[in-house]
Structures are given as C-alpha cells and as structure tokens.
Amino acid sequence: MTTTFLATLLCATALHAAEKSVTPQQKRMQDCNTQAVTQSLSGDDRKIFMSNCLKNSAAAKVEKSVNPQQQKMKDCNAQAASQSLSGDARKTFMGNCLKNSPTTPDEKPMTQQQKMKDCNAQATNQSLSGDARRTFMSGCLKTVTD
C-alpha cells in the first residue's frame, strides 16, 4: 500500500512538473539567448539578433559581414548616440550622415580621398583581405558616392 501511494505521489509530482514546463516562447527565448552568447553578441547586434530570433520560429542567423550601407548606418547611429541627439535633430543628422552631406552648414562634404580612407578603415576593422576586400571597397565607394 505504501509503495502504491509513493508511486502515485511520484507520478502526480511528475505531471505537475510537466504542466509547469517551459512554454514554447520561453524555450525560444532560451535558445536565442544561448545562440547570442555562443556568437558573443552584445549591444545593438544582440538586440537585433534577439528580436529577429524571437520573431522567427527558426532561430535567425547574424551575418558576420555587413554590407556598406549597414556599416554606414551603424557608424551614423553611433555618432548620433555619442552626440546624444534625439527627435528632429537626430533625424536630420541621420539623413545627412547617410547621404554623406554636411551635417552642419560650415561642414564640407566628404572628398573622394576621405571616402577612400573611411571605406579602407571599415575594411580593416572587418579584417577583410583579397577578393572580399576588393568587393567590399567597390561597394563601399559606390554607396558612399551615391
């Protein structure tokens, strides 16, 4: 009798534990978090990854290489954040930054030499070499000069 009672109690406890198991959304959050940690993501990259991962049933992959426009967006965002810009001032700054037009009336547009230097620095930061670097530089210079 005691053995039967004990077995019943253990089964009931196991069923109760199963009911309190992790929901699919919680499981997805755990999986996405594990992947973000594995990829050593932090800051904005982590936020973007987690958002995409949680929206999609299959975990999103973060591309290690970013296209020139994405890099420019990151750079402009960082500059706007460092200047503590918000509202209309931020919108104006971001628009000008992404177009490479002057952000203030007395500031001059970026010269071709400055564009080359900027793209080269980005390629170096991404540790690009060979064909990958040439492709990146070509795209970066086209994006920057448009």
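These exercises work through the helices and the surface of a predicted model.

**Exercise 1.** State which secondary structure elements the protein chain has and in what pattern they follow.

Solution. Start with the counts: the protein chain has seven helices and zero strands. Then read along the sequence, where the pattern is α-α-α-α-α-α-α.

**Exercise 2.** Describe how H2 packs on H3.

Solution. First locate the elements: H2 spans residues 24–38 and H3 spans residues 43–55. Next take the geometry: their axes lie 10 Å apart, at an angle of about 145°, and the crossing is right-handed. Then list the contacts, with a cut-off of heavy atoms within 4.5 Å. On the H2 side these are Gln-25, Arg-28, Met-29, Cys-32, Asn-33, Gln-35, Ala-36 and Val-37; on the H3 side, Arg-46, Phe-49, Met-50, Cys-53 and Leu-54. Finally classify them: eight are nonpolar, three polar and two charged.

**Exercise 3.** Describe how H4 and H5 cross.

Solution. H4 covers residues 68–82 and H5 covers residues 87–99. Their axes come within 10 Å and cross at roughly 145°, in a right-handed sense. From H4, the contact residues are Gln-69, Lys-72, Met-73, Cys-76, Asn-77, Gln-79, Ala-80 and Ala-81, which meet Arg-90, Phe-93, Met-94, Cys-97 and Leu-98 of H5. By class, this contact has eight nonpolar, three polar and two charged residues.

**Exercise 4.** Characterise burial, surface and contact range for the protein chain.

Solution. Of the 146 residues, 19% are buried. Among contacts between residues at least 6 apart in sequence, 36% join residues at least 24 apart.

Note on methods:
Residues are numbered from 1 along each chain as its sequence is written. This is a predicted model: local features need pLDDT of at least 70, side-chain atom pairs count only at pLDDT 80 or more; totals for chains, interfaces and linings use all residues. Side-chain values use heavy atoms; hydrogens and water are left out. Axes are lines fitted to C-alpha atoms, for helices over the stretch in contact, and angles run from 0 to 180 degrees between N-to-C directions. Helices (H or I, at least four residues) and strands (E, at least two) are DSSP runs, numbered from the N terminus. A crossing is left-handed if the near helix is turned anticlockwise from the far one by less than a right angle, and right-handed if clockwise. Ala, Val, Leu, Ile, Met, Phe, Trp, Tyr, Cys and Pro count as nonpolar, Asp, Glu, Lys and Arg as charged, and the others, Gly among them, as polar. Buried means under 20% relative accessible area, exposed over 50%, partly exposed in between (1.4 Å probe, protein chains only). Accessible areas come from the Shrake-Rupley method with a 1.4 Å probe; for residues, only the protein chains shown count as cover.
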